[in-house]
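This report considers the ligand site first and then selected elements of the fold. Please read it alongside the sequence and the structure shown below.

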Amino acid sequence: MSEPLILVEVLAQPAKVALIRFNRPKVLNALNDQLAKELEAALTTLDSDPNVHVIVVTGNEKAFAAGADIAAMADWSYATVFNQNYISKHWEAAKSVRKPLIAAVSGYALGGGCEFAMMCDIIIAADTAKFGQPEITIGTIPGMGGTQRLPRAVGKAKAMEWCLTGRMVTAQEAEAAGLVARVVPAEKLMDEVLATAGKIAAQSLPAVMKVKETINAAFETTLDQGLKFERREFHSTFALSDQKEGMRAFIEKRKPEFKNQ
Ligand code: CAA
């Protein structure tokens, strides 16, 4: 049997956190169709697993992922990619995951690697991380959301400069631009990411999923529609026993025990 292209684990600690690791180290975790299919299957399974509240995706020290697999794509024709709906099929499973996805990025996050990280809800980067959309340097353009998510994250000027030159951006620059939530020393990356994941995983799952859904709505609606959606979702939390437990625990000066309902 061939090696799995991703490794999936539901961690014992922190509780309710799953870890997906890209597993093509020889090609800097270049993303191909098989990997995308495995990732889609894992994300679908973990999203419906009640023992999982948060999913962390990572690579290795040298690369989160250096982009879509150039060797696989090089000779494809227009008809092949169009007819097979390349990228739209399998690669965008992260878009429909309702639980928080955290990208733990060390080393290269280029092209599709940077774009996959941007599909996640939070990017935490090692101080060695390098981001970029180098597609222009190989005669193509970002095709996994880079031209759309990057300007939303860092603004038009920076997105244009990064995508038109294809230059690599350091973790520090990515953080200053708003792409990355936090930069941490490389040797502490997984500790920091898992601490963050554990903190989120300990909250009420429906409240967590509502935060994700309402923040994502900010990118799809007018301010007025978004505020209305947020207010309705806020009101809906009063139907949860976790809201009663959370507020009661605060008043009684104790830790809440959420039942995720
Ligand atoms: N696809 C396929 N193979 C890749 C790859 C990719 N995206 N990135 C690296 N590799 C392979 C290399 O071919 C090399 O394989 P061999 O050992 O068999 O030669 C191996 O990984 C190690 O890479 P390098 O020897 O190049 O390592 P380096 O340290 O010298 O350079 C790098 C690292 C700067 C990241 C360089 O590998 C690189 O530029 N990679 C390509 C980055 C890129 O252009 N990504 C965009 C891809 S297109 C895309 O993603 C489209 C989209 O939007 C969906």
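## Ligand site

In this predicted model, a backbone N or O atom of Ala-68 is placed 2.9 Å from an oxygen atom of the ligand. Glu-135 contributes through its side chain instead: one of its polar atoms lies 2.7 Å from an oxygen atom of the ligand. Taken alone, the ligand exposes 980 Å², of which the protein buries 63%.

In total, 24 residues surround the ligand, and the closest are Ala-68, Ile-70, Gly-112, Glu-115 and Glu-135. Sorted by class, the shell comprises 15 nonpolar, four polar and five charged residues.

## Helix H8 and its packing

Helix H8 spans residues 189–201, 13 residues in all. The distance from its first C-alpha to its last is 18 Å, close to the 18 Å expected at 1.5 Å a residue. Its buried residues are Leu-189, Val-193, Leu-194, Thr-196, Ala-197, Gly-198 and Ala-201. An α-helix has 3.6 residues a turn, so residues three or four places apart point the same way.

Which strands do the buried residues of H8 pack against? The partners are strand E2 (17–22), strand E3 (54–58), strand E5 (101–105), strand E7 (122–126) and strand E10 (182–184).

Ala-159 belongs to helix H6, which covers residues 156–165. Ala-159 counts as buried because its relative accessibility is 6%, and the cut-off for burial is under 20%. Setting aside residues up to four places away in sequence, Ala-159 touches Leu-150, Pro-151 and Val-154. The C-alpha atom of Ala-159 is separated by 8.6 Å from that of Gly-146, a residue 13 positions apart from Ala-159 along the chain.

Gln-243 is part of helix H11 (residues 241–251). With a relative accessible area of 12%, Gln-243 is also buried. Apart from neighbours within four places in sequence, Gln-243 is in contact with Thr-237 and Phe-238.

## Polar contacts of Lys-210

Lys-210 is located in helix H9 (residues 205–217). Its side chain forms a polar contact of 2.9 Å with the side chain of Glu-233. A further polar contact, at 2.8 Å, links the side chain of Lys-210 to that of Ser-236. When residues up to four places away in sequence are not counted, Lys-210 touches Glu-233, Ser-236 and Thr-237. Thr-237 is also one of the residues in contact with Gln-243.

## Backbone features in loops

The loop between strand E1 (6–10) and E2 contains Pro-14. Gln-13 and Pro-14 are joined by a cis peptide bond, with omega about -10 degrees. Lys-16 is found in the loop between E1 and E2 as well. Lys-16 is a residue other than glycine, yet its phi is positive, near 65 degrees. Is Lys-16 buried or partly exposed? Its relative accessible area is 27%, so Lys-16 is partly exposed.

A positive phi also occurs at Ile-87, about 80 degrees, although Ile-87 is not a glycine. Ile-87 sits in the loop between helix H3 (78–83) and E5. At 9% relative accessibility, Ile-87 counts as buried.

Conventions. Residues are numbered from 1 along each chain as its sequence is written. This is a predicted model: local features need pLDDT of at least 70, side-chain atom pairs count only at pLDDT 80 or more; totals for chains, interfaces and linings use all residues. Side-chain values use heavy atoms; hydrogens and water are left out. A residue is near a molecule or strand if one of its heavy atoms lies within 4 Å of it. A polar contact is a pair of N or O atoms within 3.5 Å; within protein, one must be able to donate a hydrogen and the other to accept it, and residues adjacent in sequence count only if both atoms are side-chain atoms. Accessible areas come from the Shrake-Rupley method with a 1.4 Å probe; for residues, only the protein chains shown count as cover. Ala, Val, Leu, Ile, Met, Phe, Trp, Tyr, Cys and Pro count as nonpolar, Asp, Glu, Lys and Arg as charged, and the others, Gly among them, as polar. Helices (H or I, at least four residues) and strands (E, at least two) are DSSP runs, numbered from the N terminus. The expected span of a helix is 1.5 Å times one less than its number of residues. Buried means under 20% relative accessible area, exposed over 50%, partly exposed in between (1.4 Å probe, protein chains only). Contact means heavy atoms within 4.5 Å.
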